[in-house]
Amino acid sequence: MMRLQLLLRIRETSSRISKPFLVPASFSCPVSPYSVEKKPDLNYDGSNLPSSIKVVICGGGVMGAAVAYHLAELGWGSNTVLIEQGRVGGGTTWHSSGLVGVFKPSLAQVKLCQSSVDLYQHLENQGHPTGWKKTGSLCVARTWDRMIAFRRMKAQSVAWNIECELVTPSDIKTICPLLHTDDLKGGLWIPNDGVADPYQLCLTLLDLAKDKGEHWRHLGLLSDPPVKVPLHPVEHYYLHTRPIDNLSPLTPGQMVRDQDGHIYFREYNGCILAGGFEPVAKPAYEDGNIPNFPGEKRLPEDWDHFHVLLKEMLHRVPSLGAAELDQLTNGPEAFSPDCKWIVGQASEVLNHYVAAGMKTVGISAAGGVGKATAEKIVTGRSDFDMYELDISRFIGLHNNRKFLRDRVKEVPVKIKKHCDKTELDVGLANGIRAMNLTHTGELGYVLYIPNEFALHVYTSLMMAGRQYAIRHSGYYAMRALRVEKFYAFWGQDLDTATTPLECGRAWRVKFDKGIDFIGKDALLKQREQGVTRMYVQLLLGEHDEDADLWCWGGEPIYRDGEHVGNTTTAGYGFTFKKQVCLGFVRNQGQVVTSDYVLSGQYEVDIAGVRYPAKVNLHSPILPTKYPDRERQAYLATRDKMVSEPILGRN
């Protein structure tokens with residue numbers, strides 16, 4: 001068999017070699033127990049399908065299986081059909097690495113992954129095979145910047161209920177002796193992460209769903225009209241070795257991520273499964289012709305492209321060079337333009353739900369996303385916050401093939417009418433909606449422009465503004481202004497679960513108008529009982545903006561030494577000459593009053609260092625050129641907020 005170290009030397013000495021000349025004698029995929037798939041009859045007329053059904057699930061991978069399982073758990077098993085054009089578990093599930101990690105970029109994704117882990121553990125405890133094994137995961141850092149990121153994650157883990165610890169290079173060597181550690185600065189150990197067998201998990205979920213009356217069928221199906229889901233596949237590689245001596249499957253720490261080297265690896269039945277995310281991904285099916293049959297979607301190996309990852313693997317695990325190659329698997333993995341999952345109800349077809357774009361972590365996401373999707377289908381709502389992942393965040397432009405192709409090379413490595421509005425003509429464009437809405441705390445407008453007029457309107461405004469010395473203002477500049485003025489931002493500070501009473505905006509709700517609006521009873525009840533969290537502004541002390549790390553948002557907030565919340569937005573306040581944070585403060589599920597908030601001593605944890613902070617409940621008075629005009633234009637004034645009943649509660 002070909003040794004990996006020899007393979008690397010061949011590649012480095014001959015640019016003409018695109019793959020090893022020694023091909024493995026037999027196909028063996030350690031994640032998937034099957035190697036040959038029988039093509040189904042794509043002309044199947046569906047004659048054996050039930051005459052009436054409530055739910056049709058398109059796709060028999062682990063995500064479709066998870067949705068099917070949770071629908072069955074909610075009592076809809078006999079009203080659900082799952083259709084798959086190939087073999088169940090034969091899509092991207094067949095070449096998944098099986099890593100199950102819970103640390104994700106946002107709390108919403110973390111909760112979904114934690115739900116997945118709970119499900120897999122529950123199934124294993126009930127005797128249903130999933131391949132779940134709690135091995136822990138080790139993330140290593142080659143640079144101090146990466147260690148700072150790990151320190152931020154460690155600080156954030158308190159609020160996200162993730163057990164983890166920072167480790168030194170010597171600790172890393174103890175956890176995983178295989179690793180070369182001389183160039184490492186440290187790492188992050190997450191003991192409750194684990195691995196699962198994607199194919200076995202998929203079959204188990206579907207078997208349990210079938211036991212409750214669910215139907216399977218092999219059938220190809222396209223929606224009519226088509227639903228636009230902005231995804232594009234890229235090539236994703238997994239390297240499989242032959243069995244390696246003295247590589248115990250029970251050895252902890254055998255799931256390792258080296259983000260600086262763009263690689264990861266895990267132990268699997270005495271072998272090594274290694275993969276990675278190259279700095280510039282290679283789009284698949286660039287001509288738009290995607291095979292119908294999953295077995296035909298296996299892509300040819302490109303050793304020239306994989307070389308950058310192989311080199312990093314051999315650097316991090318030197319003993320891997322002596323291992324025998326079993327195979328290099330190349331399968332398509334779908335990514336969205338913003339590298340987030342895509343879930344929710346599509347706009348083109350009523351009650352058409354999407355759960356896709358899991359970007360190689362479908363096993364981590366499936367249990368939670370499947371549960372949330374099933375809840376949405378059955379009850380119309382879910383306890384999970386899916387706002388940031390909803391498919392509605394995309395527009396038609398995002399389905400442009402060139403746009404998607406360019407974005408996926410990079411990503412692997414509702415308007416609320418609360419203000420006055422009018423329509424304007426700008427240059428030759430009309431229908432421009434101008435809204436008296438501020439994102440900076442200063443007098444201003446936001447323009448909503450039809451896509452086809454955007455460039456023309458921008459050019460016209462820049463030309464007209466020359467006489468006023470118009471300049472571009474970046475996002476961070478605007479954020480610095482609004483955090484000083486204590487202005488909340490939808491999608492960052494506020495979300496679909498935030499009420500006006502919690503964020504100090506109760507005066508925007510007209511309780512006395514006699515209109516029975518949606519949510520009125522719930523708000524009246526909350527006003528009577530009191531809120532359990534309150535939106536605050538924090539000004540950091542003893543912080544050197546030139547030498548100390550800055551807040552990014554998401555930092556833990558401590559009151560009298562106890563964790564009470566997290567920041568949502570942070571920035572440097574040029575008027576205060578201090579770091580300014582916005583966020584929510586809680587009281588262990590109890591009612592939060594203004595007295596409770598103002599009586600505590602506060603700290604904000606930035607990457608493991610706690611800085612004292614002064615808390616504000618009201619928008620501060622800052623210098624302005626137009627005090628009277630601002631007070632008239634914006635109702636969010638200090639006087640108005642002082643009279644708010646929630647803030648006045650003792």
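This report describes a helix pair, a strand barrel and a helix lying across strands in a predicted model.

## Basis of the model

Local features need pLDDT of at least 70, and side-chain atom pairs count only at pLDDT 80 or more, while totals for chains, interfaces and linings use all residues. Residues are numbered from 1 along each chain as its sequence is written, and side-chain values use heavy atoms, with hydrogens and water left out.

## Helices α2 and α6

Helix α2 (residues 62-73) packs with helix α6 (residues 198-211) at an angle of about 30 degrees, their axes being 8 Å apart; helices here are DSSP runs of H or I with at least four residues, strands runs of E with at least two, numbered from the N terminus. Axes are lines fitted to C-alpha atoms, for helices over the stretch in contact, and angles run from 0 to 180 degrees between N-to-C directions. The angle therefore makes α2 roughly parallel to α6 (under 35 degrees).

Val62, Ala65, Ala66, Ala68, Tyr69 and Ala72 of α2 make the contact with Leu201, Cys202, Leu205, Leu206, Leu208 and Ala209 of α6, where contact means heavy atoms within 4.5 Å.

## The six-strand barrel

Six strands form a closed barrel in the order β20-β23-β22-β21-β24-β25, with antiparallel pairing (strands pair if DSSP finds at least two bridges between them). Neighbouring strands of this sheet are turned against each other by 40 degrees on average, direction ignored.

Strand β24 (residues 602-606) pairs with strand β25 (residues 609-616) in the antiparallel sense over five bridges, and Asp605 stands opposite Arg610 in β25.

## Helix α11

Helix α11 (residues 475-484) lies across β20 (533-540), β22 (562-573) and β23 (578-586), and runs at about 125 degrees to β22.

Methods
Angles under 35 degrees count as roughly parallel, over 145 as roughly antiparallel, 65 to 115 as roughly perpendicular and the rest as oblique.
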